Amino acid sequence: MSTGNVAGVRSTAARSSVALHAAMAVTGLIMILFLLAHMYGNLKVFEGQQGFDGYAAYLREIAQPLLPHAGALWILRVILLASVLLHIFSAFTLWHRSRSATGGKGGWRYETTKNRRGVQRSYASFTMRWGGVVIGLFVIYHLLHLSADVIAPGGASASPYQRMVNGFQIWWVVLSYVIALIALGFHLRHGIWSAFASLGANKSVGTRRFLNQLATVVMLIILVGFLVPPLAIFAGWVS
Ligand code: HEM
């Protein structure tokens, strides 16, 4: 192989790693938009059973009669599932590449020869992979619990509001959500910063500071917004 070809293969590989990072960033940002909307919807629990179940029913009626019943919801589900799969595929491929390139040891993360102290070396950045696994397991458990009503601690119900109220009166259900949401918070804290950096926004010390602040604020909004309903139900403020 000529030197030109080697350089060509290397640059294609580098380009596709860049594409994988961009895919992770875009799919991550799509999921963050979903989380913000979902968190807002969950807060309707404070409007009582009619308000919450009415909102759940409205989600299934969007764009009717243009779309069939729950048509818009199914479009959202397909976009979300595609985002999750592409996010996981990109993460796994990048992890595998880094392992292969370093003889199975894994590379120095967030550190370069220029910058030995590294950037973004934090608990959040070092737990992205295991944090992702925890969130994946949580989502399966959560869908079986509050969406499909298959796991029904406290009692099954056709009403999404009642499912929440039944489940979140039980301490271990609340604890399992709190643990998963904290793992999600760490993942988002680094993920938001990383997504914008992958898309080229990390250009100066000033933008790096801004991205760090943005990541913290968005993470806190999502974390607190999701924590409030289960804790309020457990405290007896919603019944
Ligand atoms: C305390 C936190 C949460 C609560 C109380 C909650 C509540 C709910 C409820 C009640 C539903 C069923 C809605 C319906 O049937 O109309 C649901 C569905 C769902 N939740 Fe959550 N959720 C929480 C956190 C999360 C998180 C952190 C994620 C993602 C990481 C998530 C992802 C989903 C998904 C994908 C659905 C299915 C949407 C659909 O296809 O209909 N949820 N959630």
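User: What makes the crossing of α5 and α7 left-handed?

Analyst: A crossing counts as left-handed if the near helix is turned anticlockwise from the far one by less than a right angle, and as right-handed if clockwise. The crossing of α5 and α7 is of the left-handed kind. The model is a predicted one, in which local features need pLDDT of at least 70, side-chain atom pairs count only at pLDDT 80 or more, and totals for chains, interfaces and linings use all residues. Residues are numbered from 1 along each chain as its sequence is written.

User: Why are α5 and α7 called oblique to each other?

Analyst: The axes of α5 (residues 128-147) and α7 (residues 171-198) cross at roughly 135 degrees and come within 9 Å. Angles under 35 degrees count as roughly parallel, over 145 as roughly antiparallel, 65 to 115 as roughly perpendicular and the rest as oblique. The pair is therefore oblique.

User: Why are α7 and α8 called roughly antiparallel?

Analyst: Their axes lie 8 Å apart, at an angle of about 165 degrees. The cut-off for roughly antiparallel is over 145, and α7 and α8 are therefore placed in that class. The crossing of α7 and α8 is right-handed.

User: How do you know which classes the residues around the ligand belong to?

Analyst: Ala, Val, Leu, Ile, Met, Phe, Trp, Tyr, Cys and Pro count as nonpolar, Asp, Glu, Lys and Arg as charged, and the others, Gly among them, as polar. On that basis the shell around the ligand divides into 13 nonpolar, four polar and one charged. Its largest share, six residues, comes from α5.

Note on methods
Axes are lines fitted to C-alpha atoms, for helices over the stretch in contact, and angles run from 0 to 180 degrees between N-to-C directions. Helices (H or I, at least four residues) and strands (E, at least two) are DSSP runs, numbered from the N terminus.
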